[in-house]
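Look at the model below before reading on. The paragraphs after it go through some of its contacts one at a time.

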Amino acid sequence: MIKALLRSEWIKFRSYYLALGAALVALVIVPFFLMNLDYSQTAVGQTKALSEALHALYLAQPVIVIFTSLYFAQEFVKSGMRTNFLTVSNRKAWLAGKILFLFLLLLVLYSVIISSCFFVMLARFDLDFSWSLLGKFLYYSSFGLLSNLFLAFLTAGLALLFQSWVVPVSVLFPLLIGLSRLLATFIKEAKYLPDLATLNLFEYEGLQHSIDLSGLGIQLLWLALVWSPAIFLTLKRDVR
């Protein structure tokens, strides 16, 4: 059944042009940011290159939020969820298939993004390829990618909970483009917001000295807070 559901999700994703377009934008935007960023003005060489690469991954978060919300909320357009639940009697299998497909989709998406970023980084900063540089790039970017993955699933959870793509975009997009940092200047507890909690994972120079993964734990708590009621309501919701 899972295989059939994954095939169904693939067909729906290909036919939903807004989500497909957002995915294509995500593939292009990160290398574009990397080609134009000059954030770490004091760093040089590999340090500057890796620092700018991590910043590019961070700046791509709003696009990932929009893409995930569009894809996951397509079920609520034109009674799509009602049709699915009437077709697939096992809601747990349907939800598992949708979550698994999103995970695989994000895995492919980020694999392409990381590959393109690495080669753009080599070209822009005039670096020679080396396995040690590749290993360092993959190692330090993996923390930020995991944070982005959690953020994408937080977006999906909000879309499922409120049955709309508007809510997750309205909540998370302003935070990602600066509202959370503004709140942090007035409210000390704002550091526990899902985007600020892992901000240190996108600072290469800081990661060289110490790697604090507590922010990922905070994001996991946000995921549990959102997904618990979302799953409960989805399994109990009456679609007649």
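Predicted model: local features only at pLDDT ≥ 70, side-chain atom pairs only at ≥ 80, totals over all residues.

Begin with helix α6, which covers residues 91–124. Helix α6 has 34 residues and reaches 48 Å from its first C-alpha to its last, close to the 50 Å expected at 1.5 Å a residue. Just after α6, D126 takes a positive phi of about 55°.

Next come the aromatic rings. A pair of such rings is described by the distance of the centres and the angle of the planes. The structure holds 16 aromatic pairs. In one of them, the rings of F72 and W227 have centres 6.1 Å apart and planes at 85°. Planes over 60 degrees apart count as edge-to-face, so the pair of F72 and W227 is edge-to-face. This pair links distant parts of the chain: F72 belongs to helix α4 (residues 61–72) and W227 to helix α10 (residues 214–236), 155 residues apart. Both F72 and W227 are buried.

F129, at 44%, counts as partly exposed.

F72 and W227 also belong to one aromatic cluster, together with W10, F13, F67, Y71 and F101. The charged end of K98 sits over the ring of Y71, 4.4 Å from its centre. K98 also lies over the face of F72, at 5.1 Å from the ring centre.

K98 forms one with E9, the closest N and O atoms being 3.2 Å apart. That pair links distant parts of the chain, with E9 in helix α1 and K98 in helix α6, 89 residues apart. K98 has 1% relative accessibility and E9 has 2%, so both count as buried.

E9 has another partner, K12, with the closest N and O atoms 2.9 Å apart. Both lie in helix α1 (residues 2–15), three residues apart, about one turn of the helix. In an α-helix there are 3.6 residues a turn, so residues three or four places apart point the same way. K12 counts as buried because its relative accessibility is 17%.

The remaining bridge joins E52 and K48 at 3.3 Å between the closest N and O atoms. E52 and K48 both lie in helix α3, four residues apart, and both are buried. Salt bridges that share partners join E9, K12 and K98 into one network.

Notes:
Residues numbered from 1 in each chain as written. Heavy atoms only, no water. Helix = DSSP H or I, 4+ residues; strand = E, 2+ residues; numbered from the N terminus. Expected span 1.5 Å × (residues − 1). Phe/Tyr/Trp six-rings, centres within 6.5 Å; stacked < 30°, edge-to-face > 60°. Buried < 20%, exposed > 50% of the residue type's maximum accessible area, 1.4 Å probe, protein only. Lys NZ or Arg CZ within 6 Å of the ring centre and 35° of its normal. Salt bridge = Lys/Arg side-chain N within 4 Å of Asp/Glu carboxyl O.
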